[in-house]
Amino acid sequence: MKHVVADLALFGGRPAFLTPLHTNRPNRFDRARLFDRLDWALDNQWLSNGGPLVLEFEQRVAELAGVEHCVATCNATVALQLLMHGADLSGEVIMPSLTFSATAHAARWIGLEPVFCDIDPATGCIDPAAIADAVTPQTSAVIGVHLWGRTCAVDELEKVAADNGLPVFFDAAHGIGCSSAGRTVGGFGAAEVFSFHATKVVSAFEGGAVVTDDARLADRIRALHNFGKGIDHVSDAGGTNGKMSEAAAAMGLTSLDAFDSSVRHNRANYDAYREELDEVDGITFFNHETRERNNFQYVIIELDEAETGISRDLLLDVLKAENAIALTPIGSPACHQLEPYRSRRPVRLPHTEKLVAGVISLPSGSTVSREDIRRVCALIRFAVTHSTEVTSRRKDSQ
Ligand SMILES: *Cc1c(COP(=O)(O)O)cnc(C)c1O
């Protein structure tokens, strides 16, 4: 409990958390089940190259996403590269800047030029109305990102793209188990990509997948991710090694077993944060549509410094000193604010820049308890209530 500003750990007080409370720690899973699967894989003496655990994982991901085909990969960045290469993209690809650098880097790595569009501030996702202006004769596709689990305006996006003769793909790294107009993420556009990185709601340690209903595209990607084998001359580039291992699939399957309970826990965390912070002036939640399904893996708040009186970065420092490690979310800073994009193609994206400047990702996941949340929120409320003094003390100490 903090009584006066001097009690804050930032100014020498005792930290509120003895051990650090992290954002995006791995969710709980059944460890015995993981070891059973690993034992089984070792006994089976088949450790990679489309083994039985990978095939089972692909089938379960396809079922969850409601699609015909799933190709599991070593991570989502490579899955994005495989998809863009497999779909024969060239020249420019239009995408939001407000995404993890991997979306843009994957395009750059295979020689494409990302062209960044602004977001619709209501959703945080790419603004379909901004796309038409970004199209040039070099444009070969539009890539939407379901930011923090909030789905893109899928129908509008597909319409604008179709009007311009372009295919649409989605980076659905945050979107597993989410829905748009009642339809499950996975079946939108020509294909979507999931991430199963350790910090994501379903983890395979490292992993990714391309999901699609297009059998030909799936076959091409399956061949490309295994050195081009399986199809005669699938690409002039030959192919690459993008395969998922059996060990990763063992973890992915065990994490999928826990998916429903992880989502329930995340939902309860999200509701608890809202209950604790809803009344604080200047803090708004990045909301999830109540009619849609969501995995609630990210709890994102936006700070309006004019109202809270404390800057986003100072609040993060206050929390960090207390061992409550909140972070700037994925996408903050945005891609166009990062190299190489900042120098290559300077652009101003006012809605994106405003949103990324004020957002915080709060600790959640199935290892974060109600009591943890109560204490994090007490710290946030304390810092906001005493914002003037916290800010001036901080200035004095610098
Ligand atoms: C995590 C993430 C990726 C990359 O996933 P990896 O599996 O780590 O390669 C791509 N896009 C977005 C939006 C992400 O959050």
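Student: Where does Pro340 lie?

Tutor: Pro340 lies in the loop between β13 (324–325) and α12 (341–344), where strands are DSSP runs of E with at least two residues and helices are runs of H or I with at least four, numbered from the N terminus. This is a predicted model, in which local features need pLDDT of at least 70, side-chain atom pairs count only at pLDDT 80 or more, and totals for chains, interfaces and linings use all residues. Residues are numbered from 1 along each chain as its sequence is written, and side-chain values use heavy atoms, with hydrogens and water left out.

Student: What kind of peptide bond joins Glu339 and Pro340?

Tutor: The bond between Glu339 and Pro340 is cis, with omega about 5°. Ser332 and Pro333 are also joined by a cis peptide bond, with omega about 0°, and Pro333 is placed in the loop between β13 and α12.

Student: Why are α1 and α2 called oblique to each other?

Tutor: The axes of α1 (residues 31–44) and α2 (residues 52–65) come within 10 Å and cross at roughly 135°. Angles under 35 degrees count as roughly parallel, over 145 as roughly antiparallel, 65 to 115 as roughly perpendicular and the rest as oblique; α1 and α2 are therefore oblique.

Student: Which residues make the contact of α1 and α2?

Tutor: Arg37, Trp40, Ala41 and Asn44 of α1 meet Pro52, Leu53, Glu56 and Arg60 of α2, contact being heavy atoms within 4.5 Å. By class, 4 of these residues are nonpolar, 1 is polar and 3 are charged.

Student: How many residues surround the ligand?

Tutor: The ligand is surrounded by 15 residues, the closest being Thr77, Asp171, His174, Ser195 and Lys200; a residue counts as near if one of its heavy atoms lies within 4 Å. The shell has 5 nonpolar, 8 polar and 2 charged residues. Helices α3 (76–86) and α4 (101–109) each supply at least two residues of this shell.

Key:
Axes fitted to C-alpha atoms, helices over the stretch in contact; angles between N-to-C directions. Nonpolar A, V, L, I, M, F, W, Y, C, P; charged D, E, K, R; others polar.
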